[in-house]
Amino acid sequence: MISILFNELKKNLKKETTGFDVFNLAVLGNCSTQHLVTAIKGYAYTEQLALTVFDADYNQIEAQALNSASELYSFCPDAVLLYICTERLYEDFCSTDISQREMFARDNFEYIKFCWAQINSRIMTKIIQFSFVEVDDRVFGNYANKTNISFLYQIKKLNYLLMEGCQENKNVYLVDLNHINSIYGRKIVFDCNLYYIAKMPLTTNILPEVAKQVVDVIKAFKGLVKKCVIVDLDNTLWGGVIGDDGLNGIQIGELGLGHAFSELQKWLKELKNRGIILAVCSKNNEITAKEPFTNHPDMILQLQDIAIFVANWDDKATNIMKIQQTLNIGMDSIVFIDDNPFERNLVRSLIPEITIPELPVDPALYLDYLKELNLFETASFSDSDKDRARQYQVEINRTALLNQFGSYDDYLIGLDMVATAKPFDAFQYPRIAQLSQRSNQFNLRTVRYIESEIEKISQDDDYLTIYFTLTDKYGDYGLISVVILKKQNHNTLFIETWLMSCRVLKRGMEEFIVNKIIEIARENGFDHVVGEYLKTPKNSMVAKIYEQMGFASVGDKFIADLKTFKQNKTFIKE
Amino acid sequence: MTREDVFQELNEVFQDVFDDETISVNDSTTSKDIEDWDSLEHINLVVSIEKRFKMKFTMGEITEMKNVGEMVNIILDRMVSK
């Protein structure tokens, strides 16, 4: 359920709405609707929508709809919300002769259709109809499902007739109150006291959620719909990191955690089939990133489902802006799904218009959470929507993506990053050994160490060791990089190992580490630092790192001359 | 929780519901003393209090409470019986 409380929404009514989009909504109900109206207006405010509401008096549906001179028509609504509550309907049902009850749904449907027609014969306005909450009176017990004279049978049939009816009546849109009831439950949605005393069939606890559904539909009327989902790959579309864990190591498929990712992929594919464009934005080598799509038997999404596939090492805000420009759609019509809070915050701060769900920590909860947000409301659907992904399938000019984004530096400064650099200590041996075993991508020589080897090295005078930690204003990343320096002779220090977690890539950590290596080399009286890159199938991303950091390429080695070496620019403090 | 504690928390609920930080309720406060306290806001107030103190009023109590003092008595009563 959305987290905003009713009392918060109520306070929004006093706030200034200058500059907001405007919308006139009329509300007609056979129950008390004042609090509902408060919630809808208050929620509309959070979506920068200035709602003017005409809230008809209690139980005035016919008086308003059938009279051309009524306040409803002089109000000139953009939409009319019709709320006929189940509880009232049940009272009608009880006073219906048993012989007539099998016609109850049909008769009420005809009455509702009559109201729609009355309204639309006078003004061509959209009509929002609440579906009926399906509650049983337990008079028949479960047998209610088996007899057409039970209330449950008739109320379910009435909802079905409404669905049919609004397909024929193009101006009518259902807001599915019964869905809300089935998700959150009768005990949350309904409170007997409120109904008996105030004729309110909805609690103030559920009103914000109901208001959201109404405003979502109004936003769709205004064309504010989502058209594209950009997804991250590692730990979002599958469990694990393809560059480190490899094709056989990632989690996808029927088993365990993989199942959660499969279900998410199925859902994304359903979105694609209904016309939502899918794009990928991943920090990866393109070949590595595409491998699961082409070679993993359990992948649901295929490359042809993805309109634009961007996998490189640039920051994601830049990549997303390129995707948006290529598709030529509004940033506010894009949803970005990424498991990593850093990436989400980065993109959010540089592109405030984009929608970025704050995913739960547990991947098993991603899908339910995304469904709850109801991001993909629409006011229309046609066959041409289905093929949209293919229409948009375009090859991105990757060189264009290399343009750097001006304010990335400002973003990094704002992160308040602080790193530490320390020689290995016993507490860290297990983590250091584990990182050396696991890191494949940012790993210059891919030397694997076990814990006892790490211990030995850290006590050996021929070695200088450093481990790095990083924190920023969003959290602590812990131990993220390991450097092992070997004294080759009294002049030269050799970088036997440099590995780093890809989570902290491109934030100035590379620069910070190199500066630190040089500083330590100087303190210990060396003249040169020598680095080496040993190619593996997975570490191409660091092939050029030493040159980028100011080392000179000499044969198969990279050399930093400490007399002339210039410090690299970084915004990370120590 | 003492009667004073209940009053303090209850006052916060009143301030939130009526969006007025100057509100200060006592035993004899009634709906006449607070401008926006009509039958509609009474419902919202009752629900907010129920949520805050994790208790429920009966229908009779909701309609018949005469002043804030009675309200506090009911809240304290529910706490003892819990």
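Guide: Leaving aside neighbours within four places in sequence, A:Val37 has contacts with A:Val27, A:Val53 and A:Asp55. The model is a predicted one, and the values below are computed from it. A:Val37 itself sits in helix α2 of chain A. Is this residue buried or exposed? A:Val37 counts as buried because it has 20 C-beta neighbours inside 10 Å, and the cut-off for buried is 20 or more. A further distance concerns A:Ala26, which is 11 residues away from A:Val37 along the chain; the C-alpha atoms of the two are separated by 9.5 Å.

Helix α2 of chain A, residues 34-46, lies across β1 (21-29) and β2 of chain A, and the angle at which it runs to β2(A) is about 165°. These strands belong to an open sheet of five in chain A, with the order β2-β1-β3-β4-β5 and parallel pairing. Strands β2 (49-55) and β5 (172-175) of chain A are at the edges with a single partner strand each, so one side of each has no neighbour in the sheet. From one strand to the next, the twist averages 25°.

One bridge pair is A:Gln129 with A:Leu174, the latter in β5(A). A helix lies across this pair of strands too: α7 (residues 151-168) of chain A lies across β4 and β5 of chain A and runs at about 145° to β5(A).

The sheet can now be set within the chain. Chain A is divided into domain 1 (6-221), domain 2 (228-411) and domain 3 (415-561). The centres of domain 1 and domain 2 of chain A, taken over C-alpha atoms, are 36 Å apart. Their contact takes seven residues from domain 1 of chain A and four residues from domain 2 of chain A. On the domain 1 side, helix α11 (residues 207-221) of chain A gives the largest share, six residues. By class, that side of domain 1 has four nonpolar, one polar and two charged residues.

Helix α11(A) has 15 residues and spans 21 Å from its first C-alpha to its last, close to the 21 Å expected at 1.5 Å a residue. Of its 15 residues, 12 are buried, and α11(A) is mostly covered; among the buried residues are A:Leu207, A:Val214 and A:Ile218. After α11(A) comes A:Gly223, with a positive phi near 85°.

In domain 2, which covers 228-411 of chain A, strand β6 (residues 228-231) of chain A is joined to β9(A) by four bridges, and the two run parallel. A:Ile230 stands opposite A:Phe336 in β9(A). From β9 (residues 334-337) of chain A, A:Ile334 and A:Phe336 point one way, while A:Val335 and A:Ile337 point the other way; all of these are buried.

The contact takes 12 residues from chain A and 11 residues from chain B. On the chain B side, α1 (3-17), α2 (39-53) and α3 (59-64) of chain B each supply at least two residues, and α2(B) gives the most, with five residues. By class, this side of chain B has six nonpolar, three polar and two charged residues.

Notes
Residues numbered from 1 in each chain as written. Chains lettered and ligands numbered in written order. Predicted model: local features only at pLDDT ≥ 70, side-chain atom pairs only at ≥ 80, totals over all residues. Pairing = 2+ DSSP bridges. Axes fitted to C-alpha atoms, helices over the stretch in contact; angles between N-to-C directions. Contact = placed C-beta atoms within 7 Å. Nonpolar A, V, L, I, M, F, W, Y, C, P; charged D, E, K, R; others polar. Domains from an automatic or database assignment. Expected span 1.5 Å × (residues − 1).
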